[in-house]
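Please look at the sequence and the model together, and follow the explanation below one step at a time.

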Amino acid sequence: MKFVLDAEQRMFGETLRRLLADAGTAKIARAWAAGDAGPGRALWASVAEAGVFAVAVPEEFGGAGRLPVELVVAAEELGRAAAPGPYVETLAAAELLGESPWLPRIAEGEAIVSLAVPHALDADVADLVLTADKVERKAGEALASLDPARRLFRVEGASGGGAGFTDFGVLLCAAQQVGIGQALLEVSVEYARTRQQFGRPIGEYQAIKHHLASAMVELEFARPLLYGAALSYGTPDFARDVSAAKVAASEASYGLAKTALQVHGAIGYTDEYDPSLWIRKARALYSAWGSVAEHRARVIAAL
């Protein structure tokens, strides 16, 4: 089976990529982490205008129809840009809610939804907070997060483990991770080309080349699993395929975060340097929406 996007899907992704690049998402992510949601809300509105939320909502509720491949394209670009906010949670809620008066608001970008999986992301700015079994809750205390731009809140009654996530959310989280991995690969390759040591670009040294090549291969293996899972939406194999994609995307993005730190050295840790945004997000998403061990166990059980 060929996993090739058609012309409209490619244009959708390219349009969203340009929109996010022009918006300056690194600055927006830092403002979001500091508690200033204004720039992030403006970006949310622009993303909605580009049609991202519409492709998560059926036509009878004002959307364009639920299109899993297009949603994976969008989530990958949002991850690549390190865009802050509960995008995956809102898109997953559109599938979880079934028939709900919230759907037209989600399609228009007028509703921000957080899901407790098991903690609620950015619940302080959300219009609706749900558990995975569709129970509306109030967010509690703020929790420490590995990524300052992923602000987590405790939610009473939220379940952890396999009962605490939805497969559609897992799919979109994996897409985010592939986008994060791609961004880390690109910035690391560029740095290796320009950073010189002993009169030569560090990318000419074999150790650096091997690290980057291995990371690229791992990412390229994850991408077809991701799009294969999107194509299996609505089939009995969806849960298995989603878990396989999540394992591969988690390992690839986290591996690229470690490689990026090795390539950049100490500068990669600094808050002022943009790669730190992706590095932190890669670590945070590694265990989000179900652990690697949980998803690996689901794949094995389905064989």
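A residue is called buried when its relative accessible area is under 20%. With that cut-off in mind, and remembering that this model is predicted, we can begin with helix 3, in which Gly-40, Leu-43, Trp-44, Val-47 and Ala-48 are buried. These residues cover an arc of only 140° around the axis, which means that they lie on the same side of helix 3. The buried residues of this helix pack against several other helices, namely helix 1 (7–23), helix 2 (25–33), helix 4 (68–80), helix 5 (87–96) and helix 6 (102–108).

The length of helix 3 can be checked as well: at 1.5 Å a residue, its 12 residues (38–49) should span 16 Å, and the end C-alpha atoms are 17 Å apart, which agrees. Just after this helix, Gly-51 takes a positive phi of about 95°.

If neighbours within four places in sequence are left aside, Leu-171 is in contact with Val-72, Leu-226, Ala-229, Ala-230, Phe-238 and Val-242.

Not counting residues up to four places away in sequence, Leu-225 touches Asp-241, Ala-244, Ala-245 and Ala-248, while its C-alpha atom and that of Val-242, 17 residues apart along the chain, are separated by 8.1 Å.

Methods:
Residues numbered from 1 in each chain as written. Predicted model: local features only at pLDDT ≥ 70, side-chain atom pairs only at ≥ 80, totals over all residues. Heavy atoms only, no water. Helix = DSSP H or I, 4+ residues; strand = E, 2+ residues; numbered from the N terminus. Expected span 1.5 Å × (residues − 1). Buried < 20%, exposed > 50% of the residue type's maximum accessible area, 1.4 Å probe, protein only. Arc of directions from axis to C-beta. Contact = heavy atoms within 4.5 Å.
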